[in-house]
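Thanks for asking me to look this one over.

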Amino acid sequence: MNSIDYVVEYEFTAMALLIVLIGLYNVRAKFRTTANAVFSVMMGATLVSAVLHTFTTTMLGHAEDFPLWLNYAVNIAYLFVYEGLAPLSLFYVSEITRHGSRRSADRVIVVSALIAEAAMLFTTPFTRLVIYFDDEMNYLHGRLFNVIPGIALFILIYEVVLFVRFRKRLKPVQSASMVVFTSLTFFATLIQLVFPDQIIGNYMVALSLLMFYISIENPADYIDSITGCANAEAFFISAESYLNRKKSFSAAAFCPQGLEYITEYLGAKESGRVCAEIAQKLKRRLKRSEIFYLGSWEFVLLSESAEPAELAEVLRDFFKEPVSLMGIEAAVTPYICTLKCPGFVKNVKDIRDAIDYTLKSMKGGKETLAEVTPKAIEAKQRELKVLAAIRQAIKDDSFQMYYQPLYDVKSGKFTSAEALIRLIDPELGFISPDEFIPLAESNGLITDIGELSFRAVCRFLKSGKPQQYGLKYIEVNLSVLQCAQEKLGSQLIGIMEEFGIAPEQINFEITETAGLANYDMLLRNMNRLISWGVTFSMDDYGTGFSTANYLISLPMEIVKIDKSILWPAMESAEAFIILRHTVEMLRSLNKKIVVEGVETAEMVKLLSDIGCDFLQGYYYSKPVPADDFVMFLARKSA
Ligand code: C2E
Ligand code: CA
Ligand code: CA
């Protein structure tokens, strides 16, 4: 053979590359999926194929020096392993492209190809159909030799079809490696068909595997860098392969109670260490389960061998021991929710949504163990529907603004009102702002809503109607996310100018969370608006941390005391002391005081006596549509 030296060099490069790759792949922590397993087998097989190939190329020059059986054995083994790479690659490509959909056709092709190749190769010493040695021990190709690379070519074409069909499911970098992979193997297969002796296939496959390693199979992509635990992406892939195996399995999600609140004090490094420690200790206890860290102190266990209740029991038992936080032994109770899959879940997203929802609804409650019910998925679906309703309402500008009057104690008149948004969907009916505002906030839709509702308020003021009956200004809620926007100030001023609204007619309500989220931006926006002439209220005072610092540092003219301070004050002497002193403190700070949730004459009397400036609540009026509100004002001022 004339090209022996040339070929062997490629094989040595391939071997070196593969050894490094296999080493890297195994050193890094990884988690178990079918795609992972096939990828490992492919790396091993390519290495074996490269080694066998150096044997065959070396031996072929001196075939007569070796017994016939050995010549056959080495060549057949090499061809089987090498040509087997194509069906293996199909197995792999099928796993990464066909998330969740049927793969049986692919499996049939993989298995048939392997069987066909085995059948042809293992019988060739007798049939001489693929390869054979003549009487002078010359290595020769049989009549069916090209069938095997033909199979490989067919498989490659099939892979391209799969890729084109499912390309949307791949990330750009994954698509890129698929393109490189198929071009390289096409090239190699073609070369092999034209020049059967110059096989650079192993080298090409090794290069492709390297590409896949970097783009798809890099174990580091699936590891949370801080905790060293398998991450949310790993969970997705893993849970998906569990679902695809069509066997039942258990999931248990848990979240150590209260730790999320002290993350700030622990610092990222210490939090990461604690998370990692929990994960590692648990791993040691639950050898037959997989553990994932989804972020925000949320972990999930998956197990095919243990029942959900067993997992929960192990978790409870585990947390009986204290967790070490900065050297302090702290007792930690986890919120645990369990789920038997597949059950009512259809896909991994269902699992994720259901456990997220269940854990979230457990937080702050007394229950620490819950079973995930179909309700959790329904709640998520409701969320999606509400989200769609919000998007539609934004498109149609069909939100409605309701107005709730504020009673001015000193003048005995209704001089202002709070604008409160309403969403009435043709299908879902009335949707409470308590439901849709948080959703709009977490989906970035609140800024659009904020603009639309502010325009509605300005339009109402421009009509001049409420002013006829003594209304001086309207309070408008700004959400945290709006306040973090650079352009907020200029946007709001722009709208007021567009409608010709004087700044004194507007007061913006913000909660202290706006300051917690992005203090500097909030302050800049506030100062811009204040210098233009509008005023601000601090909303919901008493529900959050009621940070004293914000009362001093944020330029608020009005503070709105929440009903959660008022209502208990009607019931207990202690709570009344808190209300009275809160009012006193705010007065001393020269803040105007609004109290919300005023429902009874008794409350009115008491709040007027202790010196509150404005009262707002159902006692006077619920929030009502603009026209009703004008009628209300007209009635009251008559
Ligand atoms: P909020 O800003 O604290 O608004 C006061 C809430 O208390 C309103 O609920 C109002 O209807 C209710 N309320 C007023 N008086 C009484 C009373 O005497 N008794 C009782 N039980 N409740 C009373 P609503 O309209 O359902 O709004 C809920 C929350 O949704 C608001 O709380 C506010 O955080 C948010 N929201 C409403 N409209 C908007 C808006 O246009 N923009 C933004 N960003 N948030 C809004
Ligand atoms: Ca408010
Ligand atoms: Ca409020």
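The numbered points below go through the metal sites, the salt bridges, a helix and some strands.

1. **Ground rules.** This is a predicted model, in which local features need pLDDT of at least 70 and side-chain atom pairs count only at pLDDT 80 or more, while totals for chains, interfaces and linings use all residues. Residues are numbered from 1 along each chain as its sequence is written, chains are lettered from A and ligands numbered from 1 in the order in which they are written, and side-chain values use heavy atoms, with hydrogens and water left out.

2. **The calcium ion (ligand 2).** Glu418 (OE), Asn477 (OD1), Glu509 (OE) and Asp539 (OD) coordinate the calcium ion (ligand 2) at 2.1 to 2.3 Å. Donors here are N, O and S atoms within 2.8 Å of the metal, or 3.2 Å for Na, K and Ca; water is not among the atoms, so sites may look incomplete. Along the chain, the donors of the calcium ion (ligand 2) have the spacing E-x58-N-x31-E-x29-D. Glutamate 509 sits in strand E14 (residues 506-510) and aspartate 539 in strand E15 (residues 535-541), so this pair ties together parts that are 30 residues apart in sequence. Helices (H or I, at least four residues) and strands (E, at least two) are DSSP runs, numbered from the N terminus.

3. **The calcium ion (ligand 3).** Which residue bridges the calcium ion (ligand 3) and the calcium ion (ligand 2)? Aspartate 539 does, and the two ions lie 3.8 Å apart.

4. Aspartate 540, with a relative accessible area of 27%, is partly exposed. The cut-offs are under 20% relative accessible area for buried and over 50% for exposed, with partly exposed in between (1.4 Å probe, protein chains only).

5. The structure holds 20 salt bridges, each being a side-chain nitrogen of Lys or Arg within 4 Å of a carboxyl oxygen of Asp or Glu. In one of them, lysine 560 pairs with glutamate 475, with the closest N and O atoms 3.1 Å apart. Lysine 560 lies in strand E16 (residues 558-561) and glutamate 475 in strand E13 (residues 473-477), so the pair ties together parts that are 85 residues apart in sequence. Lysine 560 is buried at 0% relative accessibility, and glutamate 475 is buried with a relative accessible area of 0%.

6. **Salt bridges within helices.** Lysine 605 and aspartate 609 meet in a salt bridge at 2.7 Å, N to O. Both lie in helix H23 (residues 601-609), four residues apart, about one turn of the helix, and both are exposed. Salt bridges that share partners also join Glu418, Glu475, Glu509, Lys560 and Glu596 into one network. Aspartate 356 and arginine 352 form another salt bridge, at 3.3 Å between the closest N and O atoms. These two are four residues apart in helix H11 (residues 348-362), separated by about one helical turn. Aspartate 356 is partly exposed at 24% relative accessibility, whereas arginine 352 is buried at 19%.

7. **A buried glutamate to look at.** Glutamate 298 lies in strand E5 (residues 298-303). Glutamate 298 is buried yet has no salt bridge, and the nearest side chain of opposite charge, arginine 352, is 4.7 Å away. For charge, Lys and Arg count as positive and Asp and Glu as negative; His and the chain ends are not counted. Leaving aside neighbours within four places in sequence, glutamate 298 is in contact (heavy atoms within 4.5 Å) with Phe254, Phe292, Tyr293, Asp356 and Leu359.

8. **Helix H10.** Pro308, Leu311, Ala312, Leu315 and Phe318 are buried in helix H10 (residues 308-318). Seen down the axis of H10, the buried residues fall within an arc of 125°, so they line one face of the helix. That arc is taken from the directions from the helix axis to the C-beta atoms.

9. **Strand E8.** Seven of the eight residues of strand E8 (residues 334-341) are buried. E8 pairs with strand E3 (residues 249-256) in the antiparallel sense over eight bridges, and proline 334 in E8 is the bridge partner of proline 256. E8 and strand E9 (residues 369-371) run parallel, joined by three bridges, with glutamate 371 in E9 as the bridge partner of threonine 338. Two strands pair if DSSP finds at least two bridges between them.
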